[in-house]
Amino acid sequence: MNWLKPGKKKIKINPAMTDKIPETAVLKRKMKIARAKSYLENFSFAFPAILIFSVFYIYPFLKVFQLSVCSWNGIDAFSFGKFYTGFTNFKEILRDGIWWRSMWHAAYITIIALTLQNALALALALACDKEIKARNFYRVIFFIPPVLSEVVVGLIWQWIYDGNYGLLNYALNNFGLSNLIHNWLSDPNTALTCVAIVHSWKGFGWGFIILLAGLQTIPRQLYEAAKVDGASSWQIFRNVTIPLMIPVFVLVSILTILGSMQVFILIYTMTGGGPGYHTEVPVTRILASMVASSRFGYACAEGIIFGLVLLVLSFTQKKISERVKQV
Amino acid sequence: MDRPNFRPSRFANRNQSNKQASAPRFHSPTQNMVFLSRLKIYTVCFIFSLVCLSFFSCAQQNSSYNISKANPRAKKITIWHWMTDREEIFQELARKYEALTGIRVVFELYAPSDAYSQKVRAAAQAETLPDIYGILADKRDFASFIKAGHAANLSQEMAKDNGAWSNSFFSKAIAVNEFLPDNKFGVTPGIYGVPIDVMNIQMLYNKSLFKKAGLDPNKPPQTWEEFLQAGRKLKQAGIQGLVSGWGETWMIDCFISNYAFNIMGEQKVFATIRGEVPYTDLDWVKVFGLFKQLADEGMLASGIVTMINKNAEQNFANERAAFAFNGSWCVNVYEGMNPGLEYGAMFPPSVSSKYPMMIWGGAGSSFIVNDRSQNKDEAVKFLKWLTADAQQIYLSRGTNNLPANKNCISSIPDILSEFAKKMNQTTHPNVWPVQEFPAVIERMDKGVQSIIIGEKTPEELSREIQSIKENELAKARKKEN
């Protein structure tokens with residue numbers, strides 16, 4: 001008997017109980033109250049999460065949109081009507097050559113990270129996936145760079161790259177490559193690559209851990225079967241490991257793109273965006289607009305455009321990966 | 001009839017009889033869907049209300065300060081600052097003041113200065129600024145703080161007893177905190193800050209390295225040509241010339257300003273800022289050309305364009321460069337890094353004798369009294385005590401900074417006296433009647449870095465800055481209209 005089903009369905013009443021209609025009406029009312037209580041109870045469980053998410057994510061997100069259409073210095077009492085400027089900030093950004101140059105710098109760092117960093121991470125993960133001695137020790141060692149503070153890493157590498165007393169120049173001199181000695185971070189030809197290398201060094205540990213976890217989920221029987229069939233190591237890697245690792249590659253790539261595009265602390269501690277604008281990245285530009293120029297609206301508009309670019313990149317990456325997987 | 005079990009719990013069926021087995025259960029898929037759809041509606045409503053809140057709540061931000069937040073009877077003054085080197089001395093002075101008056105003074109340190117600056121701005125928005133605080137910003141932003149009601153006008157206090165308090169300070173220190181009648185920011189004329197110490201930015205030279213290069217350690221270069229010659233001798237001796245934190249662009253800005261005043265004079269500099277003289281003017285090209293000269297002569301320390309001032313200070317303190325371009329605060333820094341360092345202060349060598357060289361200087365750090373503070377009077381009393389002779393000498397000796405109180409100059413170390421002597425030749429963008437656009441300043445400073453690394457010529461930079469200037473002027477005109 002489905003007499004208590006919710007929704008718009010009519011309640012079926014047993015003919016034998018027709019004399020108890022008033023009682024059923026009471027019951028119906030009680031049901032409604034109970035249903036409301038039930039909803040409220042369930043909602044109360046979800047409410048704290050919704051509240052936190054709304055206050056700390058949705059509200060600031062909307063506020064950024066609001067500020068992006070305003071010309072506000074971050075100090076004056078904010079009044080939307082007073083500071084509203086329409087899409088002027090967005091139009092200005094489209095013409096801002098330095099902004100787009102900073103975007104290219106971030107893309108360059110990302111390309112280095114996607115290739116160098118992830119290749120290194122995969123190579124080390126493959127090595128640690130094998131039955132080698134002290135592999136746990138290596139796992140710990142490889143995961144040290146991501147654990148270190150970015151400020152500390154930036155300062156240490158700044159010292160390594162130092163033109164006068166840097167370890168790199170010292171090593172080059174000892175190896176008879178003194179013609180290569182120069183100030184790595186002040187030279188516009190090498191500054192960005194130097195920062196990108198440090199970023200890759202700092203970040204490969206994350207990729208290593210994720211890729212290693214992915215490799216360990218591949219059933220060993222597949223490798224054994226391939227070996228029995230006479231497949232070489234390269235064939236096993238190409239036809240067994242890579243296809244099964246595609247979802248992990250997608251994850252690592254997306255994380256690398258998002259992390260590398262948003263690189264900031266390393267740049268801030270190593271070069272401050274210089275020399276000139278040679279190592280400026282979007283986040284340093286946003287900070288410059290906000291702090292140095294007191295243009296909060298412009299900085300917010302930059303943030304929105306940057307967010308959109310990241311979103312598009314992530315979707316594109318996902319789509320490409322899905323297509324590769326199908327192939 | 002038994003009361004049906006409406007509780008949608010998995011425990012409902014556990015202890016129920018068969019009769020109750022047919023009791024209503026509210027977790028069928030349909031009900032879950034209904035619940036989810038309603039949850040979606042609630043969530044959408046909630047988010048919508050947040051949207052409305054974010055867009056319409058702004059009008060309420062002008063409401064007056066919540067007086068109930070502060071306890072009017074509290075005998076406690078809270079001060080925010082960023083000066084890590086002065087923290088210990090401040091705490092000591094706070095203890096002395098409490099012993100003297102019974103009023104507790106709490107110094108809260110927030111460092112580094114960037115983070116402090118952001119904190120103050122955020123607190124201004126939230127109206128949670130303390131009784132006393134400092135602002136790390138240019139005059140434009142300072143004016144915004146005043147207009148938003150976050151800074152008390154101290155003119156009356158300064159003028160009491162024939163201006164006794166005001167007269168105790170270096171006039172340049174007061175000027176940074178003063179807004180004159182008809183100022184372009186629209187601020188009510190008055191003094192809005194109390195200088196705690198003063199500073200100026202000059203050049204330092206290492207006496208030991210001078211001797212090593214065969215230069216007279218008691219005769220530092222006074223003209224640009226002498227400076228270049230000294231640089232050549234130092235280079236021959238394998239010693240680096242000038243080191244400075246030109247990775248922090250404001251120090252480049254300071255160097256530019258010194259030589260712009262020296263080469264073309266104050267009026268022409270101001271005329272350029274007003275947009276009456278273009279940056280492509282030959283005098284400006286000459287100013288930017290000085291950086292090219294320094295780079296071509298190999299007088300600049302390696303990596304100067306990405307060097308922060310802390311590293312530059314380390315380089316000079318460790319005798320890796322013979323000249324440094326740094327502020328008077330460096331005395332304390334060098335003392336900490338290398339107490340045995342033999343060095344002297346020198347005025348930046350002049351290029352022209354037509355106009356005087358003006359260096360950046362004035363109030364090193366100032367304290368602002370929060371106009372909305374319940375302890376405003378107590379805060380002013382404390383600042384009067386803090387800037388009195390005894391406390392200023394104590395502060396100066398403890399931190400090796402120049403005191404803001406000019407009566408204490410005789411009681412400070414020699415090297416600081418050398419800095420103090422040049423206080424009357426100081427200027428600062430915050431006291432200029434005109435202000436340059438931040439975008440122009442940024443392009444100028446970054447452009448100088450490009451000149452140093454040989455990427456741009458002074459002429460190219462001049463044209464680039466002028467183009468930015470014209471854009472900014474057009475935007476400003478549009479805004480005015």
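This is a predicted model: local features need pLDDT of at least 70, side-chain atom pairs count only at pLDDT 80 or more; totals for chains, interfaces and linings use all residues.
In chain A, domain 1 covers residues 1-60 and domain 2 covers 97-326. The centres of these two domains of chain A, taken over C-alpha atoms, are separated by 52 Å. In chain B, each domain is built from two segments of sequence: domain 1 takes 71-197 + 364-416, and domain 2 takes 200-361 + 433-480. Here the centres of domain 1 and domain 2 of chain B, again taken over C-alpha atoms, are separated by 30 Å.

The two domains of chain B touch. Domain 1 of chain B gives 12 residues to the contact, and domain 2 of chain B gives 8 residues. On the domain 1 side, two or more residues each come from α5 (139-147) and α17 (414-420) of chain B. This side of domain 1 of chain B has 3 nonpolar, 4 polar and 5 charged residues.

A helix pair was examined next. Helix α18 of chain B spans residues 438-452, and helix α19 of chain B spans residues 458-480. They pack at an angle of about 165°, and their axes lie 9 Å apart. An angle over 145 degrees counts as roughly antiparallel, so α18(B) is roughly antiparallel to α19(B). Their crossing is right-handed. From α18(B), the contact uses Ala439(B), Val440(B), Arg443(B), Met444(B), Gly447(B), Ser450(B) and Ile451(B). From α19(B), the contact uses Pro458(B), Leu461(B), Glu464(B), Ile465(B), Ile468(B), Lys469(B) and Glu472(B). The residues of this helix contact divide into 8 nonpolar, 2 polar and 4 charged.

Helix α13 of chain B (residues 309-317) is mostly covered. Of its 9 residues, 7 are buried. The buried residues of α13(B) are Asn309(B), Asn311(B), Ala312(B), Glu313(B), Asn315(B), Phe316(B) and Ala317(B). These buried residues pack against both strands and helices of chain B. The strands are β6 (194-206), β7 (240-243) and β8 (321-327). The helices are α10 (249-264) and α14 (330-337). After α13(B) comes Glu319(B), whose phi is positive, near 60°.

Note on methods: Residues are numbered from 1 along each chain as its sequence is written. Chains are lettered from A and ligands numbered from 1 in the order in which they are written. Axes are lines fitted to C-alpha atoms, for helices over the stretch in contact, and angles run from 0 to 180 degrees between N-to-C directions. Helices (H or I, at least four residues) and strands (E, at least two) are DSSP runs, numbered from the N terminus. Angles under 35 degrees count as roughly parallel, over 145 as roughly antiparallel, 65 to 115 as roughly perpendicular and the rest as oblique. A crossing is left-handed if the near helix is turned anticlockwise from the far one by less than a right angle, and right-handed if clockwise. Two residues are in contact if their C-beta atoms, placed from the backbone, lie within 7 Å. Ala, Val, Leu, Ile, Met, Phe, Trp, Tyr, Cys and Pro count as nonpolar, Asp, Glu, Lys and Arg as charged, and the others, Gly among them, as polar. Domain bounds come from an automatic or database domain assignment. A residue is buried if 20 or more other C-beta atoms lie within 10 Å of its own, exposed if 12 or fewer, and partly exposed in between; C-beta atoms are placed from the backbone.
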